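User: I have a structure to look through before the group meeting. Could we go over a few of its residues and strands together?
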Amino acid sequence: GGCVLSKGSVSSTAEYRHDMGNHQAILDAFTVVTQALASDTLRVVYTPGKGRGVIAMRAFDVGEVIEVVPVLVVQNSDLIDQPELANYVYNWPTSDNAVAVAFGCGSLYNHSYEPNARYEKRPEDGGFGTIRYTCIRPIAVGDEIVINYNGDPNDRSPMWFDLAPTT
């Protein structure tokens, strides 16, 4: 699977630029990748209070793989000049300082303590590493796909950012 950027998901260009702030170039790169991998399965949309998010364009059953995405592994110290990029990476198990940018929709899934998906880091997969996202609760068409950034869907450890209010 892949994902497509939803056109018109933000009411105006000015609102988009205001919300995205300094990390516009990084998100433009994600846009190119997501458009290149476009499918009818996932869509990237503007999510009020969260920024970008990923919604399902078809239903997913428990245990079904949502997507498997390649990653680009870099050293965390390389992100010192790119602090916004640090919001889009996963700690990576190949070294203490390694982090990974997940392609596809991988670095755009939002956090929830009530996730409907989980992720599994697979550092040896494909020789470069992948992350697999799997459905853990039924997902309907139009549902936002959310993961627990702590890794374990039941882990309630605090996040390093303020959580968006739940509806």
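User: Fine. Which residues does N116 touch, leaving out those up to four places away in sequence?
Analyst: N116 touches T134, C135, I136, R137, I139, E144, I145 and V146.

User: Where is N116 found?
Analyst: N116 sits in the loop between β7 (110-111) and β8 (117-122).

User: Is N116 buried or exposed?
Analyst: N116 counts as buried because its relative accessibility is 5%, and buried means under 20%.

User: And which backbone atom lies 2.9 Å from a polar atom of the N116 side chain?
Analyst: That atom is the backbone oxygen of E144. E144 is also among the residues that N116 touches.

User: Let us change topic to T130. Which strand holds it?
Analyst: T130 lies in strand β9, which covers residues 130-135. T130 is buried, with a relative accessible area of 9%.

User: What does the side chain of T130 join in a polar contact?
Analyst: The partner is the side chain of D125, at 2.6 Å.

User: What else does T130 touch, beyond four places in sequence?
Analyst: The residues touched by T130 are V68, V69, P70, V71, W92, E120, K121, R122 and D125. As for P70, its C-alpha is 4.4 Å from that of T130, although the two residues are 60 apart in sequence.

User: How many bridges join β4 to β9, and do the strands run parallel or antiparallel?
Analyst: Strand β4 (residues 65-75) and β9 run antiparallel and are joined by five bridges. Within this pairing, V69 has I131 of β9 as its bridge partner.

User: How many bridges join β4 to β6?
Analyst: Five bridges join β4 to β6 (residues 98-102), and these strands run antiparallel. Here V71 stands opposite A102 in β6.

User: Now confidence. What is the mean pLDDT of the chain?
Analyst: The mean is 76, and 67% of the residues reach 70 or more.

User: Which elements have the lowest and highest mean pLDDT?
Analyst: Helix α1 (residues 13-20) has the lowest, at 37, whereas β9 has the highest, at 96.

User: Over which residues does pLDDT stay under 50?
Analyst: It stays under 50 over residues 4-23, for which the model has 32 contacts beyond four places in sequence. Where pLDDT is low, the predicted coordinates should not be read in detail.

Conventions: Residues are numbered from 1 along each chain as its sequence is written. This is a predicted model: local features need pLDDT of at least 70, side-chain atom pairs count only at pLDDT 80 or more; totals for chains, interfaces and linings use all residues. Side-chain values use heavy atoms; hydrogens and water are left out. Helices (H or I, at least four residues) and strands (E, at least two) are DSSP runs, numbered from the N terminus. Buried means under 20% relative accessible area, exposed over 50%, partly exposed in between (1.4 Å probe, protein chains only). Contact means heavy atoms within 4.5 Å. A polar contact is a pair of N or O atoms within 3.5 Å; within protein, one must be able to donate a hydrogen and the other to accept it, and residues adjacent in sequence count only if both atoms are side-chain atoms. Two strands pair if DSSP finds at least two bridges between them. pLDDT is the predictor's confidence in each residue, from 0 to 100.
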